[in-house]
Amino acid sequence: MNNELIKLTPAELSNLIESWGFPKFRSKQVYEWLHKHHCTSFDAMTNVPKALRQRLSETFPEQSLAVVDRQVSEDGTRKYVLRLHDGCLVETVGMPLYRSDESIERLTVCISSQVGCAMACAFCATGREGYSRNLTASELVQQVSLVQQDFATRVSNVVVMGQGEPFLNYDEVMQALKMMNAADDLHIGARHITLSTCGIIEGIQRLSDEPEQFILAISLHAAIQETRDVLMPRVANQSLPALKEALHRYIEKTHRRVSFEYLLMADVNDSEEDLQTLVNFCHGLLCHVNLLPMNAVEGAPFQPSSNRTVSHWMKSLERQGIEASMRKSRGSDIAGACGQLKNQLVSRETS
Ligand code: SF4
């Protein structure tokens with residue numbers, strides 16, 4: 001749906017619709033179609049007069065997302081490649097957690113915040129494709145509502161961990177998260193919405209001023225500066241001591257815990273020195289470490305760490321008082337890593 005239209009407050013929408021000569025109650029109907037039903041076409045607003053639908057569509061051309069590829073993993077994960085109104089492609093992932101009776105206990109959606117990404121992380125398929133444009137708030141919310149409709153289940157958690165660096169698209173991302181959180185919209189608890197950043201310090205500072213308790217995750221991947229600079233070259237200008245200082249300020253202000261994402265790569269960032277430096281980095285911070293299994297990306301020179309290393313890291317972190325967990329890989333049988341599915345589709349379409 002059109003980004004400018006969904007950003008209107010109820011009062012703004014009402015003023016606009018009344019200025020066109022329609023009664024006030026029509027705006028409530030339109031607002032509900034947009035925010036409660038996440039309607040993607042004016043034609044579907046069946047209780048709204050045709051003349052008003054016509055006026056809306058002329059003023060706010062439709063900007064909907066279309067599914068161009070959908071793959072379902074053995075574990076139930078669904079990965080979508082979505083075509084935006086201007087032809088750009090993005091990826092979204094729906095990850096259900098099933099109860100023993102096979103009903104869905106929790107549905108998490110991983111959304112993209114940009115088309116492509118400028119951060120050029122060495123281990124990431126999206127990083128190799130470069131940046132095209134920011135997603136709008138509408139495109140962010142639509143990713144969630146589309147997955148919700150596809151599973152016919154309420155989305156309980158959102159993670160902004162797909163393609164893109166959300167803090168380089170701060171305003172649209174924040175507007176979208178506030179809509180997802182709103183009681184008259186998707187009504188997803190703020191503590192069930194996680195933003196993952198490479199460590200853009202300005203974004204961390206801005207997030208600490210937001211009243212909602214969104215969760216902050218930092219893609220750390222190395223606590224040794226030289227290693228991190230190689231893996232994540234575009235944040236090399238934001239040093240680890242400066243990041244730690246910003247996190248201290250964030251925690252002091254919000255009293256919220258920060259998560260560190262750490263992708264374990266064999267012989268790259270999984271030595272004893274890497275482990276001890278990570279422990280030192282975490283020291284004094286209210287934090288949690290998420291060790292991530294690696295999905296091998298075609299053409300990338302990185303391999304997952306051995307099971308033995310992973311279990312050694314888990315035990316050592318716990319022994320040294322650092323809360324840690326090992327995240328399970330989801331959907332690895334269907335082009336698991338961020339950007340892989342979209343890249344496969346693009347190469348299929350262009351070959
Ligand atoms: S890992 Fe995230 S921030 Fe880094 S290049 Fe990939 S999409 Fe961008």
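Q: Why are helix α7 and helix α9 called roughly parallel to each other?
A: In this predicted model, the axes of helix α7 (residues 201-208) and helix α9 (residues 240-254) cross at roughly 5°. Angles under 35 degrees count as roughly parallel, and α7 and α9 are therefore roughly parallel to each other. Their axes come within 9 Å.

Q: Which residues make the contact between α7 and α9?
A: From α7 the contact takes Ile-201, Ile-204, Gln-205 and Ser-208. From α9 it takes Ala-242, Leu-243, Ala-246, Leu-247, Arg-249, Tyr-250, Lys-253 and Thr-254. Two residues count as in contact if their C-beta atoms, placed from the backbone, lie within 7 Å.

Q: What classes of residue make up the contact of α7 with α9?
A: Seven nonpolar, three polar and two charged residues form this contact. Tyr counts as nonpolar, and Lys and Arg as charged.

Q: What makes the chain as compact as a globular protein of its length?
A: The secondary structure of the chain comes to twelve helices and twelve strands. For 351 residues the globule rule gives 20 Å, and the radius of gyration of the chain is 21 Å, close to that value, so the chain is as compact as a globular protein of that length. Along its principal axes the C-alpha trace spans about 70 × 50 × 45 Å.

Q: Where do the domains of the chain lie, and how do they meet?
A: The domain assignment gives domain 1 (3-59) and domain 2 (66-350). Their centres, taken over C-alpha atoms, are separated by 34 Å. Six residues from domain 1 and seven residues from domain 2 take part in the contact. On the side of domain 1 that touches domain 2, there are one nonpolar, three polar and two charged residues.

Q: Which residues come nearest to the ligand, and how does its shell divide by class?
A: Of the twelve residues around the ligand, Cys-117, Met-119, Cys-121, Cys-124 and Gly-127 come nearest. The shell divides into seven nonpolar, four polar and one charged. Cys and Met count as nonpolar, whereas Gly counts as polar.

Conventions:
Residues numbered from 1 in each chain as written. Predicted model: local features only at pLDDT ≥ 70, side-chain atom pairs only at ≥ 80, totals over all residues. Near = placed C-beta within 6 Å. Domains from an automatic or database assignment. Axes fitted to C-alpha atoms, helices over the stretch in contact; angles between N-to-C directions. Helix = DSSP H or I, 4+ residues; strand = E, 2+ residues; numbered from the N terminus. Parallel < 35°, antiparallel > 145°, perpendicular 65-115°, else oblique. Rg over C-alpha atoms; globule rule 2.2 N^0.38 Å.
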